[in-house]
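Have the structure open as you read.

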Amino acid sequence: MKRSSTTDAPTLFDLPPERRAPELDPEEGPESPVESLDLFVDPPAEEPPSAAATAGRVARARRSLPVARLAAGLVDLGVVAVVLGVIVGGTALMGVPPSAGWWPALALVALVFSFLYFTVPLAFWGQTPGMARRDLVARNESGGPLTFGQTFLRWLAALVTFALAGLPAALLLTGRSLADRLSGSQTRFDPRSD
């Protein structure tokens, strides 16, 4: 591909231009040698936070963790409720009236969907969509990923909390919920979100 000698404008298939130092007039020169080098030097890295700032951030995180966990639980509960609402609304649109034999099937669908919704994301990514929204992650006691057994126990604890009208959620004030205690795991803020 030839380039016109009258223009130095790059064409569509040209490689990106090389990064070169600006040409200086030999008579003028830079005011200081540092000025010419500033174009190619990365800005200095930020200093790490002091110990006092880190301790303050940890204390704020401990106080806000129960609120974040409660909000994440409500988001997850809302997703399950929306899915069940869509199922009920869809059957009503199809003209199927709810009957006494219909509710056990809906309860079974709710159990299966909530089981998959809670256990699969927790086992693979350590967080449900609600937890991801609040930058929370669940890990085992040594900081590693949860096993499927631990995610199953966390799901059972969520069912117990729901069945008891949220009363076990009061354990959040102690720092560990029923799900944490039953499964031998811990929930904390995701370090990747900092």
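## Around Leu122

Setting aside neighbours within four places in sequence, Leu122 is in contact (heavy atoms within 4.5 Å) with Gln127, Thr128, Met131, Ala138, Leu146, Thr151 and Arg154.

Leu122 also belongs to the largest nonpolar core, along with Leu65, Ala68, Ala72, Met131, Leu136, Ala138 and Leu146, eight residues in all. A core here is a set of buried Ala, Val, Leu, Ile, Met, Phe, Trp, Tyr and Cys residues joined through side-chain atoms within 4.5 Å; buried is under 20% relative accessible area, exposed over 50% and partly exposed in between, with a 1.4 Å probe and protein chains only. H2 and S1 are the elements that give two or more residues to this core, and H2 supplies the largest share, three residues.

## Arg134

Look next at the loop between helix H4 (129-133) and strand S1 (136-140), where Arg134 sits. Arg134 counts as partly exposed because its relative accessibility is 36%. Not counting residues up to four places away in sequence, Arg134 touches Ala68, Ala71, Ala72 and Phe189. Arg134 and Ala71 are 63 residues apart in sequence, yet 7.5 Å apart in space, C-alpha to C-alpha.

## The largest pocket

The largest pocket has a volume of about 910 Å³. A pocket is an open set of points on a 1 Å grid over the protein atoms alone, where a 1.4 Å probe fits, with protein on both sides within 12 Å along at least five of seven lines; lining residues have an atom within 4 Å of a point. The volume is the space filled by probe spheres set on the points, which are joined across faces, edges and corners.

Of the 34 lining residues, Gly73, Phe118, Ala158, Thr161 and Phe162 are the closest to the pocket's centre. Helices H2 (51-93), H3 (102-125), H5 (148-163) and H6 (178-183) each give two or more residues to the lining, with H2 giving the most, 10 residues.

## Whole chain and confidence

The chain has six helices and two strands, where helices are DSSP runs (H or I) of at least four residues and strands (E) of at least two, numbered from the N terminus. Buried residues make up 23% of the 194 residues.

Average pLDDT, the predictor's confidence from 0 to 100, is 78, and 67% of residues score at least 70. Helix H1 (residues 33-37) has the lowest mean among the elements, 49, while H4 has the highest, 94.

Numbering runs from 1 along each chain as its sequence is written, and side-chain values use heavy atoms, leaving out hydrogens and water. In this predicted model, local features need pLDDT of at least 70 and side-chain atom pairs count only at pLDDT 80 or more, while totals for chains, interfaces and linings use all residues.
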